[in-house]
Amino acid sequence: MISVLAIGLVVVTSLVVGIYGVRAARSTSDFLVASRRVSPNWNAMAIAGEYLSAASVLGLAGLLLKNGLGTMWYAVGFCAGYVAVVALVAGPMRRSGAFTVPDFAEYRLGAPRLRKLCGFVVLVIMLLYLVPQFKGAGVVLALVSGTPYWVGVLLAGIVVSGSIAAGGMRSATYVQAFHYVIKLLFIAVPAIYLVAYAGPEVRAQALHPEWGTHFPETTPVEFTVDTRFGLDEPVTVTAPDGTTIDLAAGDHTASEGTRYVFPEGAAVPHPQGLPDLGGERWSTPLLDSGGYPLFETWSTLLAITLGCMGLPHVIMRFHTSPTARTARRVAVGVIALLGLFYLFPVVYGLLGRVLTPQLVLLQGTDTVAVVLPAQAVPGSAGTILTALVAAGAFGAFLSTSSGLLLALAGGLSHDLFQGSVPRLRLAVAVGACVAVLLALPAEAIDINVLVVWAFTVAASTFCPLLVLGIWWRRLTLPGAASGLIVGGVTATGAVGWSILLPTPPGWATVLLAQPAAWTIPLAFATMMAVSRLTRPPDWAEHAVLRLHSP
Amino acid sequence: MSPRREKLTSPQTRIALARGNRPAQHLLPIPEPVDTEAARRLFRIQRRAAVRTVSLLSLLLFGMSGSFALWPVLTQVRLGGVPLSWLLLVVAVYPLLFLLALWHVRTAERAEECAEVGRGKDDTTP
């Protein structure tokens, strides 16, 4: 109940800050000029606030609990992306005067038709990014209010579209900056409290995964899907009707709806296909789900680091800086703010392995940050901490998804159709509906898998377009278009295949699940090869030099 | 009978109405640089800085993950009770990323300042 109140409070406060922000902006001479006067610090906070999504607040801790320490490479990639932004795109993008990537494509290559293609890629990226946000919101709402998952997703869709319609999200800067503070506080305060409260024994257990993972107390587990799991040692569990069942060491299958009560101190079973909780694969800090840890880690790092610069809603924000110089400094500020935030999710993952290992059996690890405080701290203190994390997670969902929805609607009405304001509203509603419909069957897919999909597509399409457009004067229109198509199709198709269809075993699985290592070079190579075959216009060099002149 | 009322609008409004729903043309025109050679020089300096930063970034990310794969001992060695590789990945990497970005900004801004000073000299010479 407290959690629902806290979430409501975050929603209402963001609306109030938003409406106040609109008024403040209107009282100055002009809305646009005012937004360009936003100070670098506010701007950096707003970018960080919009960027830290459900993937960071919920997904990281959950995946860390499930797959191990390697998960933190996602956080490093999310942060390192801004180093690439500083080095390659922040300044020149600001000087191009383009608000969005399609605008930039039109500036650099002078072709309105390329704008439509870019607008379509924006749609794909934004939808892939929106779905996990809705999933996160659905999971959190379902958890704190006890409603089914689909109700949570639907409610989240209504809340976001409603708040955009009310206009509260328009003055994004202040709302997003406010959300950064909310997210940081609401994840940091419970984390610090949990570490202090846990006591030396639990802390030592969290840092020594090789001691094994045991149920901290008598734990009922209800399997919601058919689950195969392995046991290292025999264990006696209790069924709901009171009978005891002896499970021998070895493999077992629990059918859907089975309820077992595991006794205190029993070793946690390993679900099939996941690394042993606390085993060597779990504690080695590399991403390893298919047996090729180094390739997987590098491919994911490439996708996230290079994908960051291709995210439409991130690029848009740099335009609110008055000069290219400030745009670069803002990006450096974002790195500091993100680095500070990413110190905390790891706490939930590490303590979660000791205190709530059953989430791995339930395939509900994305909820660990919300479940853990109530489980670890008994009484009202735990309830309040859980409410804080839930509200922070909902804030993450709210700020990111409203930013994404606005970018998506903007893409729909500005780049694909020549739209007006009513069309923009309609586009918001359509975008939210599609995202909700796609999020409904996505309950079992990890938030971070979906987010990395969006990053992979961005890195295989807009990253080559921006990098070559800014730093290579020979890029031509056919080159850019063919590279966009090749990169977009391969990246979307490969990850989609690995999620939705069975994959051939061995290398093929890894190459399909983590395709960035081959789709990004492929997109670059296509753009460069086709550009070499065609002639750039005479003014191409001016367009490039213009981007670098102070 | 009063004369027909005429709607008065500001010139800006008339322009806006005439333009209809077409998207605003906020894109800059692309003029030839004042001094093409100087602009090319600055471009090359900036490109060198960008290549250096991106190489260092790759070295940091790929080198760190590569060393975790090469030397599993990094996870066994403990610093203050925490495995060394965890500390590197979870804490130490962020200040390094920040310093790298800061260094790049310094380099890029210095290059721009130099270019501006150079252009200022050109303006004063007759």
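**Confidence in chain A**

The model is predicted. Chain A has a mean pLDDT of 82. In chain A, 92% of residues reach 70 or more.

| Element of chain A | Residues | Mean pLDDT |
|---|---|---|
| Helix H2 | residues 31-36 | 42, the lowest |
| Helix H22 | residues 516-533 | 94, the highest |

One stretch of chain A deserves a separate word. Over residues 25-35 of chain A, pLDDT stays under 50. For this stretch the model has 8 contacts beyond four places in sequence. Where pLDDT is low, predicted coordinates should not be read in detail.

**A covered helix in chain A**

Helix H6 of chain A spans residues 101-109. Is this helix mostly covered or mostly open? Helix H6 of chain A is mostly covered, with 9 of its 9 residues buried. The buried residues of H6(A) include A:Val101, A:Phe104 and A:Leu109. A:Asp103, A:Glu106 and A:Arg108 are also among the buried residues of H6(A). After H6(A) comes A:Gly110. The phi of A:Gly110 is positive, near 60 degrees.

**The make-up of chain B**

Chain B holds 4 helices and 2 strands. Along the sequence of chain B, these run in the pattern α-α-α-β-β-α. Chain B has 126 residues, and 23% of them are buried. How far apart in sequence are its contacting residues? Taking contacts in chain B between residues at least 6 apart in sequence, 66% join residues at least 24 apart.

Conventions
Residues numbered from 1 in each chain as written. Chains lettered and ligands numbered in written order. Predicted model: local features only at pLDDT ≥ 70, side-chain atom pairs only at ≥ 80, totals over all residues. Buried ≥ 20, exposed ≤ 12 C-beta atoms within 10 Å, placed from the backbone. Contact = placed C-beta atoms within 7 Å. pLDDT = per-residue confidence, 0-100.
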